[in-house]
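Reader: I've got a model open and would like to learn how to read it. Where do we start?

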Amino acid sequence: MNLLLALHISNLQLLSFSLFVLLTAFVSYRLKLGLEKSLLIGSLRTYVQLLAMGFALVYIFRYPNPVISLAVYIWMIFWAARIISNRIENPPFPLFKIIFVTMLVSYLALNIISLGVFLRADSWYAPEIFITIGGMIVGNSMNAVAVSLDRFFADLKNRREELEQNLLFGMKVKDAMNDLVRDAIKAGMSPSINNLAGVGLVFIPGMMTGQILGGEDPLNAAKYQIMIMLIICVSTALGSMLVVSQVAKKCFNKRGQVKF
Amino acid sequence: MKIELRDLSFAPQGKVVFSQLNYTFTSNGNYLIQGPSGCGKSSLLTFISSLRQASSGQIIIDGQEPVNFCEHRKNCQWLRQTPYIYDKTVRENLSLALAYHQLAIPSDDELKKHLQYLFPEGLDLEERAMELSGGQKHRLALLRSYLLKPKALLCDEISAGLDEKSRQLSEDFIFNHCNEMTVIFVSHIQESFESRENFTRLLMSKEGFEPL
């Protein structure tokens with residue numbers, strides 16, 4: 001039961017919010033920040049991409065189908081893996097495949113467990129849950145994985161002497177890499193852990209805000225938010241750990257030497 | 001440890017540094033390899049310690065190519081020119097690798113005996129190793145490697161950038177304590193080793209080694 005009247009946004013009202021963006025762009029121009037172009041293009045993309053997604057989801061929800069649910073999921077992970085691998089400058093080897101496969105397998109498992117075991121949804125592919133939660137998982141952990149990988153490759157360069165000293169002491173690759181891998185995973189996870197502590201005190205999370213504005217009872221919205229935040233926390237951990245450890249393994253040859 | 005180089009070549013990005021190097025370092029021998037900067041002396045040590053891989057050729061250790069690289073690296077300690085010192089105490093730096101390999105950590109008395117030898121100026125086991133001087137770090141790294149009881153000690157430019165006192169202390173320690181190891185020094189300048197007995201001096205160039 002909705003306690004509040006859902007706020008309905010008309011197209012004109014939605015469009016009027018772009019005035020804010022125009023104002024910001026103007027300020028950016030006056031202060032010579034040079035951000036106007038990316039700000040305007042970014043806002044335009046937000047309108048187009050989200051509305052397109054909204055339209056698509058209406059149809060996908062109306063006709064639930066496992067193939068379509070899976071296809072959307074794979075599509076989201078494909079883009080996430082592309083964005084992450086493009087964000088790493090000069091990777092020593094192509095990263096896309098390793099990220100794509102790792103994220104697909106681990107997040108799919110996580111998503112299906114969440115739906116089937118914890119939420120007991122009617123079907124594992126129920127699109128209104130499968131795709132939305134999947135989107136939250138992929139979107140949030142994309143950042144974590146990118147931060148982790150970024151940190152890992154930076155450390156592989158900056159902390160090379162430490163790593164080599166570990167190897168010279170006769171440590172196995174896994175043990176010699178331990179600190180680097182751990183620090184990379186920590187770097188990726190700390191934003192979502194910080195969120196866990198700050199949520200409800202410092203800010204009302206975006207999803208909850210959206211739900212409340214959409215007419216949901218705040219308590220119910222909070223319950224959803226808790227579930228989502230925990231799933232996101234697990235998925236950022238899982239994504240960072242699996243991707244970084246896969247990538248770390250690939251950096252060594254069978255003699256235990258760094259390949260580049 | 002007997003170290004045989006067989007047709008060892010090093011040509012990064014096609015630029016030949018040395019090629020077809022053949023030589024046998026006998027077990028427990030003492031060697032000094034000299035040569036101009038860039039002739040591949042230091043690289044040779046990284047290949048022997050199997051930290052990196054030569055372009056072609058083999059390195060045979062006691063009759064066979066190493067299979068267990070961790071074991072080989074532990075047995076063949078490479079002392080780099082600027083050693084890496086962990087941001088921990090002196091004690092932790094000395095015991096880290098021993099603890100990793102589950103080897104017995106020497107008693108405090110034993111450690112202090114070594115420290116007195118290498119650090120006549122005095123050094124406390126609980127001092128933070130990062131705060132030591134360059135020469136002290138080098139001596140600490142030497143002791144750290146020595147405690148692992150390696151079969152070979154590879155010393156990269158031990159005298160470069162070191163004060164006279166540090167160099168003297170390190171050399172004395174090596175000559176008095178490391179008789180059961182194959183010791184290879186690498187240096188681009190003349191060393192004061194002439195007076196040492198049983199010392200093989202080699203000049204390294206593109207063509208290979210030449211006795212001095």
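Author: With burial. A residue counts as buried if 20 or more other C-beta atoms lie within 10 Å of its own. Keep in mind that this is a predicted model.

Reader: Okay, what percentage of the 212 residues of chain B count as buried?

Author: By that cut-off, 36% of them do.

Reader: What is chain B built from, in helices and strands?

Author: Chain B holds 6 helices and 9 strands. Its radius of gyration is 17 Å, close to the 17 Å from the globule rule for 212 residues, so chain B is as compact as a globular protein of that length. The C-alpha trace spans about 50 × 35 × 35 Å along its principal axes.

Reader: And how do I read the contacts inside chain B?

Author: Look at sequence separation. Take the contacts between residues at least 6 apart in sequence: 75% of these join residues at least 24 apart.

Reader: Now the interface. How many residues of chain B are in contact with chain A?

Author: There are 16 from chain B, in contact with 13 residues of chain A. On the chain B side, helix 2 (69-75), strand 5 (76-79) and helix 3 (90-100) each supply at least two residues. Helix 2 of chain B gives the most, with 5 residues. By type, that side of chain B divides into 7 nonpolar, 5 polar and 4 charged.

Terms used: Residues are numbered from 1 along each chain as its sequence is written. Chains are lettered from A and ligands numbered from 1 in the order in which they are written. This is a predicted model: local features need pLDDT of at least 70, side-chain atom pairs count only at pLDDT 80 or more; totals for chains, interfaces and linings use all residues. Two residues are in contact if their C-beta atoms, placed from the backbone, lie within 7 Å. Helices (H or I, at least four residues) and strands (E, at least two) are DSSP runs, numbered from the N terminus. Ala, Val, Leu, Ile, Met, Phe, Trp, Tyr, Cys and Pro count as nonpolar, Asp, Glu, Lys and Arg as charged, and the others, Gly among them, as polar. The radius of gyration is taken over C-alpha atoms; the globule rule is 2.2 Å times the number of residues to the power 0.38. A residue is buried if 20 or more other C-beta atoms lie within 10 Å of its own, exposed if 12 or fewer, and partly exposed in between; C-beta atoms are placed from the backbone.
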